[in-house]
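Visitor: Got a fold open here and want a quick tour. Can you walk me through it?
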Amino acid sequence: MADGEFEGYGGRYVPDPLQEPLEQLATAYDEVAGSEEFQAEFRDLLAEYAGRPTPLYYARNLSDRYGADIFLKREDLLHGGAHKINNCLGQALLAKRAGKERLIAETGAGQHGTATAMVGALLGLETEIYMGKKDVERQEMNVFRMRLMGASVNEVTRGGQGLADAVDAALEDFAENVDDTHYLVGSVVGPDPFPRMVRNFQSVIGEEAREQFRDRTGDLPDAAVACVGGGSNAIGLFHAFRDDDVDFYGAEGGGKGADSSKHAAPLAKGKDDVIHGMKTRVIDEDVEVHSVSAGLDYPGVGPEHAMFRAVGRCEYTGVTDEEALAAFRELSETEGIVPALESSHAVARAIRLAEEGDHETILVNLSGRGDKDMETAASKFDL
């Protein structure tokens, strides 16, 4: 499997002006990111700034209720409230070493934008965030946090005013300002080297979880579960287990339901196509991209996930808005842990697996916490 290619998926489908800067980024990543000096600085920041390692938590009450041992990898406890900080620290360090003065990023739920603003402040880099208008409206607190840390937030009003449109705007900015700007892509999407670079920065999730699970149980989990939008938290978890006898399950944004034309599930219900510089799975044109969670509201997915689907390594299914909201409330009530709505999709999928009874131990990546989703949840629940 060549760099940037995943069994026919991935690649670099971009205009000529972006070919050279992407090749330069790939070369810089390959030469710098594996060095002892870079890795030492990266690992120090992961520990002292981000708060790693994150705990592996046995959800006793949830396990008792559903008859399987359910463990949560607590990425929600990281600085900023989500796994996004892992990748942002890695890419920002790389940008700083390459002499870049400016960071740009796209964001949906605002967690990646927040993490980018954090590292921009930390490393003294000018930071500009692109965010769809509808996401700005439902994630106002994260918008405030980004601005509080000195980042500019550009409200994107084109198209569906969501994550895909924010990506388009960020790509245009990058094309115009490649000399001094690093586009800090937030997921395992886009042209090479972004999918493999983000995966490797996020692989700390699975590396820790694998060691923690062995120490805790003496074995590996029967199943690993994560939500999938672009797919960085899922690949970050799966990567360490890819050669193990561990079943993978990806929970996509099922939106309004199986028969609805409003969802965000390109792996379960999409087609092969090219989007945002990569060949991957995308949602049909007649589908309105929708999820109750802004972070899953994307019409494509990382090419490595498309490969996992094609070769049968991972089962991807849509989790509806209703199911995700029910899991959001259930984890809150049973364990006192309020998950992000994105992560709630993974919790819902894990509950379904436990009910089916085919897996005794289930590892769930709790990729973020639900502080940002309080207004959405309050509008759905009569408490």
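Visitor: Start with the six-strand sheet. What's the strand order?
Guide: The order is E3-E4-E16-E9-E10-E15. The sheet is open, and its pairing is mixed. Keep in mind that this is a predicted model.

Visitor: Which strands stand at the edges?
Guide: Strand E3 (56-58) and strand E15 (314-320). Each has a single partner strand, so one side of each is left without a neighbour in the sheet.

Visitor: How much twist from one strand to the next?
Guide: The average is 25°.

Visitor: How many bridges join E10 to E15?
Guide: Seven, and the two strands run parallel. As one example, Tyr249 has Glu315 in E15 as its bridge partner.

Visitor: And on to E9. How many bridges join E9 to E10?
Guide: Five bridges join strand E9 (residues 223-227) to strand E10 (residues 247-255). That pair runs parallel too. Ala224 is partnered by Phe248 in E10.

Visitor: Which helix packs on the sheet by touching E10 and E15?
Guide: Helix H13 (residues 303-311). Its direction makes about 110° with that of E15. Helix H14 (residues 321-335) runs at about 90° to E15. H14 lies across E3, strand E4 (69-74), E10, E15 and strand E16 (361-366).

Visitor: Back to H13. Which of its residues are buried?
Guide: Pro303, Glu304, His305, Ala306, Met307 and Phe308.

Visitor: What follows H13?
Guide: Gly312 does. Its phi is positive, near 80°.

Visitor: And E15, mostly covered or mostly open?
Guide: Mostly covered. Five of the seven residues in E15 are buried.

Visitor: What joins E6 to E7?
Guide: Five bridges link strand E6 (residues 126-132) to E7, with the strands running parallel. Tyr130 stands opposite Asn154 in E7.

Visitor: Remind me, how do side chains sit in a regular strand?
Guide: They alternate between the two faces of the sheet.

Visitor: Now the surface. Which residues make the nonpolar patch?
Guide: Met141, Phe144 and Leu148 make a patch of about 380 Å².

Visitor: Where is Leu148 found?
Guide: In helix H7, which covers residues 140-148.

Visitor: Why does Leu148 count as exposed?
Guide: Because its relative accessibility is 63%, and exposed means over 50%.

Visitor: Last stop, Asp286. Where is it?
Guide: Asp286 sits in the loop between strand E13 (278-282) and strand E14 (288-289).

Visitor: Is Asp286 buried or exposed?
Guide: Exposed, with a relative accessible area of 63%.

Visitor: What separates the C-alpha atoms of Asp286 and Asp259?
Guide: A distance of 13 Å. Along the chain, Asp286 and Asp259 are 27 residues apart.

Notes. Residues numbered from 1 in each chain as written. Predicted model: local features only at pLDDT ≥ 70, side-chain atom pairs only at ≥ 80, totals over all residues. Heavy atoms only, no water. Patch = residues over 30% accessible without salt bridge, like charges linked within 9 Å, V, L, I, M, F, W, Y side chains within 5 Å. Areas by Shrake-Rupley, 256 points an atom, 1.4 Å probe, with all protein chains shown as cover. Salt bridge = Lys/Arg side-chain N within 4 Å of Asp/Glu carboxyl O. Helix = DSSP H or I, 4+ residues; strand = E, 2+ residues; numbered from the N terminus. Buried < 20%, exposed > 50% of the residue type's maximum accessible area, 1.4 Å probe, protein only. Pairing = 2+ DSSP bridges. Axes fitted to C-alpha atoms, helices over the stretch in contact; angles between N-to-C directions. Contact = heavy atoms within 4.5 Å.
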